[in-house]
Amino acid sequence: MSNTDENHTQEENHEEEEVLDLSFEELGLDPRLIRALSKKNIEKPTPIQQTGIPLILEGKDVVARAKTGSGKTFAYLLPLLQKLLSDNNASSAQALAPTAMILVPSRELCQQVYSEVLSLIELCRVQLKVVQLTGEPSFSEMGTALAGPPHIFVSTPACVQRCLSSGVLQAKSVHDSLSILILDEADLLFTYGYEKNLKDLKTHIPKKCQCLLMSATSSDDVESLKKLYLHNPYILTLPEVGDGNDEIVPKNVQQFSIQCSNRDKLLYILAILKLDLVQKKVLIFTNTIDTSFRLKLYLEQFGIKSAVLNAELPVNSRLHILEGFNAGLFDYLIATDDSDSKEKEKTDENKQNEKKKSKKFKKRKADSEFGVVRGIDFKNVHTVINFDMPATAAGYVHRIGRTGRAYNTGQSISIVSPDEMEIFEEIKTFLGENEDKNLKHIAPFSLLEKNAVEFLRYRAEDVARSVTKIAVKEARAQDLRNEILNSEKLKAHFQENPRDLDLLKHDKLLSKKAPAPHLRDVPEYLVDPTTQQASKFVKLTRVAMGRNNNNNNNGNRGFKGRFKKAGDPLKTFSSEGKGVKRKAKGKEFGPKKNKKQDV
Ligand SMILES: Nc1ncnc2c1ncn2[C@@H]1O[C@H](COP(=O)(O)OP(=O)(O)OP(=O)(O)O)[C@@H](O)[C@H]1O
C-alpha cells in the first residue's frame with residue numbers, strides 16, 4: 001500500500017539479483033543502530049537483511065520469505081527503527097496511535113520481538129517507546145499500554161481488534177498515524193485463527209501505510225494475506241524455497257536419525273544424553289504433555305534435570321522458562337509442540353489425532369496463543385531431539401530450525417519408531433532426498449553404538465517401569481500448581497526486577513523419590529570403548545567451543561561464538577551415513593543468489 005499508484009494492480013517484475021556482500025554501514029543504517037548491533041556481537045548482515053533493509057528503507061511493501069533462523073526479525077526491525085529515529089521529533093509528536101504495529105501469532109513471539117526492539121532502543125539510547133500487549137487485556141490495561149501513544153505496538157491481531165472495538169484505540173487515529181504494519185510469521189497467522197481479525201483490521205489500515213510480510217515458508221495463507229494487505233510488493237525469496245535446488249534446513253545443521261521401537265525411545269535418549277554424545281543446550285520435542293512429563297521424570301532418575309514447556313502452563317511461567325533457557329540457567333528443555341497438528345487439523349479432515357489425545361489433555365484449557373516452535377529464538381541450542389516425530393514435514397523443518405540459527409552450527413536427532421516411518425519418509429522426500437542420486441540429508445546417528453545402548457538397557461527399563469501413568473499424572477498436576485503459584489509471584493517480581501534471573505529455575509525435580517545415587521553416574525565398565533571415545537570427542541568439542549558444560553549468559557554468540565569446522569571433532573569423527581550430502585565449507589546462509597520475483 002505504500003505505492004502511490006493505487007490503480008496499479010499489476011505487480012512489478014523483479015529480476016533475479018546477486019546478493020552483495022554488504023556491511024551494515026553500506027546498507028545506510030544509522031551509526032547508533034550499528035553500534036547497538038555490535039554490542040550484540042552482530043557484525044555482518046545476513047542475506048535477507050542485505051536485500052530487505054534497503055527496500056524497506058525506500059518505503060516498499062515487501063514479502064520476505066527466508067528460512068528459519070535467517071535473521072528476518074532484524075531485517076524489518078532495523079529499517080523500522082531507522083525510520084523512527086529520523087522522524088522521531090516530527091510527525092509522531094501529535095500522533096494519537098502507534099506509528100508502527102508488529103503483529104505476531106503468539107504471546108511468546110510478542111515477548112521475543114518486544115525484547116528485541118527494547119534492547120535495540122536501549123542500546124541506541126534514544127527516546128522511542130515500545131509496548132507489547134497480548135491475550136484479553138482489561139480496559140485499563142489497554143489504556144495504559146496505548147497511552148502516549150507508543151511508537152511501536154507489538155501485539156496479536158485479536159488483541160489489536162479488541163483495542164479497536166473497545167474504543168481504546170480509535171480507528172481514525174490509526175488511520176492518521178499508522179505508517180508501518182508488519183505481519184511476522186505470516187504463514188501462521190491464519191492457522192492461529194486470526195483470519196477474521198486480519199480481514200476486519202484491514203479496513204482501518206491507511207493506504208499510505210507500508211506493509212511488510214515475513215515468513216519462513218510460503219503457503220496459501222501468506223498468499224491471501226499478501227493480496228489483502230500489500231500493494232505491488234517486492235517478493236524476496238531467500239533461498240529459492242520450493243524450486244527444488246536448495247536445502248530447506250540450513251546447511252549448518254547436521255541431521256541424524258535413530259530407528260528403534262517405541263518402547264526403546266526412552267533408552268535411546270538416555271544413552272544419547274547420559275553418555276554425553278551431544279552438545280548442550282538440548283531442546284527435546286514431544287507431541288503430548290504426558291510424554292514430556294514421563295521423559296522428565298525418567299531422566300531425573302538418572303540425574304538429568306530438565307524443564308518442560310507446554311500450552312497449559314500460565315503465560316508468565318512460559319515466558320520465564322524461555323527466558324531462563326535462553327539465559328543458560330538449564331541445559332535441557334522438553335517442549336510439547338502441537339502447533340504442527342493445529343495446521344494439520346486445519347487442512348486434514350481426518351480427526352484421528354484428536355481422538356488419540358488424552359481426555360485429561362482436552363479438559364485442560366491450552367492457550368490458543370501459545371506457539372513453541374515457530375519463530376521462537378531459542379538461544380544457543382546446539383541439539384534438537386525429536387523424541388516424537390512431528391505430524392508434518394513443515395513441522396520438522398520448523399523444529400530443526402531452532403538450532404543453527406544465524407551463523408551458529410547445530411545438529412538434530414530424530415528418534416523414529418516403526419509407526420513413524422511414514423512421516424519420516426515424507427520428511428526425507430520433502431528435504432529432497434533421492435535414493436537414485438544417493439542424496440541424503442538425514443544420516444544414521446552412528447556416534448551411538450548398539451552395544452552402548454544394550455549395556456544401559458537393564459537399568460533403563462527398570463526406571464522406565466517406575467515412571468507409571470499415575471506418577472506422570474501427579475507430576476503434571478504438581479508442575480501446573482507450582483507454575484500457577486509462581487506465575488503471579490513472577491509477574492509481580494519481574495515488574496520490579498526485570499533483570500533478576502533467580503526465579504527462573506524451572507528445572508526443579510518433580511519425582512517423589514530422590515534419584516538413586518547409583519543411577520546418576522554410568523560406571524565406565526558399562527560403556528564400550530568406541531562410545532567412550534565418542535563421548536570424549538564431544539567433550540573436547542565443547543571445550544573448544546568455550547561451552548564447557550556451562551552456558552555463558554551471553555544470549556548471542558554471533559560470529560565470535562562459532563567454531564570452525566576443522567576444530568569440530570564431531571565432523572571428523574565418522575558419523576555421516578554413506579552418501580550424505582554435506583558441504584565442507586561455504587556460506588552458511590543459503591545460496592549466493594537472491595531471487596526477487598513477480599508473483
Ligand atoms: N546479522 C546477524 N548476524 C548474527 N546473528 C544474527 C544476525 N541477524 C540475526 N541474528 C541472530 O540470529 C537469530 C535468528 O534470527 P531471527 O529470529 O530473526 O530468525 P528468523 O529468520 O526470524 O527465524 P524464524 O523463521 O525461525 O522466526 C537471532 O538470535 C538473532 O539475534
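The following paragraphs lead from the protein as a whole to one of its strands and then to its ligand.

The structure is a predicted model, in which local features need pLDDT of at least 70 and side-chain atom pairs count only at pLDDT 80 or more, while totals for chains, interfaces and linings use all residues. Residues are numbered from 1 along each chain as its sequence is written, and side-chain values use heavy atoms, with hydrogens and water left out.

The protein contains 23 helices and 16 strands; helices (H or I, at least four residues) and strands (E, at least two) are DSSP runs, numbered from the N terminus. Of its 599 residues, 58% are buried, where buried means under 20% relative accessible area, exposed over 50%, and partly exposed in between, with a 1.4 Å probe and protein chains only. The accessible surface of the protein is about 25900 Å², and carbon and sulfur atoms account for 50% of it. Such areas come from the Shrake-Rupley method with a 1.4 Å probe; for residues, only the protein chains shown count as cover.

S2 pairs in the parallel sense with strand S7 (residues 210–215) over 4 bridges; two strands pair if DSSP finds at least two bridges between them. Within S7, Leu-213 is the bridge partner of Val-63. S2 also runs parallel to strand S8 (residues 234–238), to which 5 bridges join it, and Ala-64 stands opposite Leu-236 there.

Which residues come nearest to the ligand? Of the 23 residues around the ligand, these are Lys-44, Gly-69, Thr-73, Glu-185 and Asp-377; a residue is near a molecule if one of its heavy atoms lies within 4 Å of it. Helix H3 (residues 72–86) supplies the largest share of this shell, 3 residues. By type, the shell divides into 6 nonpolar, 9 polar and 8 charged residues. Here Ala, Val, Leu, Ile, Met, Phe, Trp, Tyr, Cys and Pro count as nonpolar, Asp, Glu, Lys and Arg as charged, and the others, Gly among them, as polar.

Individual atoms complete the picture. A polar side-chain atom of Asp-377 is 2.5 Å from an oxygen atom of the ligand, and a polar backbone atom of Gly-71 is 3.1 Å from an oxygen atom of the ligand. On its own the ligand has 640 Å² of accessible area, of which the protein covers 96%.

Terms used: Polar contact = N/O pair within 3.5 Å; in protein donor to acceptor, adjacent residues only side chain to side chain.
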